[in-house]
Amino acid sequence: MGKTSKKHRRATSSVDRENLYTLHEACKLVKKINYTSFNATVDLALRLGVDPRKANEMVRGVATLPHGTGKQVRILALVTADKENDAIQAGADYVGLDEYLQKIKGGWTDIDVIVANPPVMGKLGPLGRILGPRGLMPNPKTGTVTMNIKQAIIDIKKGKIDFKVDKTGIVHAAIGKVSFDEKKIYENAYELINTVIKLKPSGSKGTYLKSLYMSSTMGPGIPIEPRLS
């Protein structure tokens with residue numbers, strides 16, 4: 001195992017692992033202990049009391065963070081010709097169809113989100129093996145397959161994110177940058193947590209939100225009291 005830096009050890013020692021911090025305290029601490037020279041991302045990890053292998057315990061959804069993620073999201077709009085102007089006006093970074101399908105077939109995936117209108121989805125099917133593992137396949141459940149392409153792109157640019165519980169029962173999501181003030185980090189985190197809570201599946205029994213951690217890039221996890229105030 002490689003050696004950890006002095007800065008990392010100092011940051012880790014500043015977190016009391018036996019203590020459950022309030023969300024307000026965690027938002028303050030995550031900024032205080034950040035030691036990177038770049039604008040680190042703030043992440044949340046929510047461990048849920050679900051079995052993702054069961055269809056009635058799957059948790060997937062979207063949340064619109066009030067202050068965005070702080071990341072410049074690159075959007076590809078795969079649309080029919082009549083929707084191209086809407087995509088351009090909304091701020092999509094790439095707009096088109098066949099030329100981008102060919103680029104993707106060739107291995108190009110230098111994008112963060114793909115939005116599409118329903119008529120083109122038949123052409124995306126063969127690309128599932130490329131887009132699926134990267135989380136790029138458009139899906140009606142996350143609002144990335146829609147006839148209202150313009151609004152979908154605007155929402156994503158404003159801070160709409162999609163999330164899905166992984167096979168270990170954890171939801172991971174970026175909710176901002178350490179350069180955000182504490183209030184913005186708190187409000188983004190609160191929005192995501194409450195969205196996940198509202199999506200509690202009917203098949204989930206017992207404690208739903210088991211644990212909650214906040215961290216910044218390369219930083220230690222901060223344990224948070226799941227019962228928010």
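## Basis of the values

The model is predicted, so local features need pLDDT of at least 70 and side-chain atom pairs count only at pLDDT 80 or more, while totals for chains, interfaces and linings use all residues. Residues are numbered from 1 along each chain as its sequence is written, and side-chain values use heavy atoms, with hydrogens and water left out.

Helices (H or I, at least four residues) and strands (E, at least two) are DSSP runs, numbered from the N terminus. Two strands are said to pair if DSSP finds at least two bridges between them.

## The four-stranded sheet

Four strands form an open sheet in the order β7-β1-β8-β9, and their pairing is antiparallel. Its edge strands are β7 (170–177) and β9 (222–224), each of which pairs on one side only. From one strand to the next the twist averages 25°; here axes are lines fitted to C-alpha atoms, for helices over the stretch in contact, and angles run from 0 to 180 degrees between N-to-C directions.

Three bridges join strand β8 (residues 209–216) to β9 in the antiparallel sense. L212 stands opposite I224 in β9. Helix α2 (residues 23–32) lies across β1 (41–48), β8 and β9, and runs at about 25° to β8. Helix α8 (residues 182–198) also packs on the sheet, where it touches β1, β7 and β8. The direction of α8 makes about 25° with that of β1.

S215 is found in strand β8. Contact means heavy atoms within 4.5 Å. Leaving aside neighbours within four places in sequence, S215 is in contact with V30, T41, V42, D43, P220 and G221. S215 and R129 are 86 residues apart in sequence, and their C-alpha atoms are 31 Å apart in space.

M218 belongs to the loop between β8 and β9. Most residues other than glycine have a negative phi. M218 is not a glycine, yet it has a positive phi of about 75°.

## The three-stranded sheet

A second open sheet has three strands in the order β4-β3-β5, with parallel pairing. Strands β4 and β5 stand at the edges with a single partner strand each, so one side of each is left without a neighbour in the sheet. The twist averages 15° from one strand to the next.

Strand β3 (residues 75–78) pairs with β5 in the parallel sense over four bridges. Within this arrangement, I75 stands opposite V113 in β5.

D112 is found in the loop between α4 (98–105) and β5 (113–116). Not counting residues up to four places away in sequence, D112 touches K71, Q72, V73, R74 and L136. A polar contact is a pair of N or O atoms within 3.5 Å; within protein, one must be able to donate a hydrogen and the other to accept it, and residues adjacent in sequence count only if both atoms are side-chain atoms. The side chains of D112 and K71 are joined by a polar contact of 3.3 Å. A polar atom of the D112 side chain also lies 2.8 Å from the backbone nitrogen of R74.

N117 has its place in the loop between β5 and α5 (121–124). With a relative accessible area of 1%, N117 is buried (buried means under 20% relative accessible area, exposed over 50%, partly exposed in between, with a 1.4 Å probe and protein chains only). The side chains of N117 and T80 make a polar contact of 2.8 Å. Beyond neighbours within four places in sequence, the contacts of N117 are L78, V79, T80, K83, T146, M147 and I149.

## Aromatic pairs

Rings of Phe, Tyr and Trp (its six-membered ring) pair if their centres lie within 6.5 Å; planes under 30 degrees apart count as stacked, over 60 as edge-to-face and the rest as tilted. By this rule there are four aromatic pairs. The ring centres of Y94 and W108 are 5.3 Å apart and their planes are at 85°, so the pair is edge-to-face. This pair links distant parts of the chain, 14 residues apart: Y94 is in strand β4 (residues 94–96) and W108 in the loop between α4 and β5.

Ring pairs link Y94, Y100 and W108 into a cluster. Y94 counts as partly exposed at 25% relative accessibility, whereas W108 counts as buried at 16%. The charged end of K103 sits over the ring of W108, 4.2 Å from its centre (the rule requires NZ of Lys or CZ of Arg within 6 Å of the ring centre and within 35 degrees of the ring normal).
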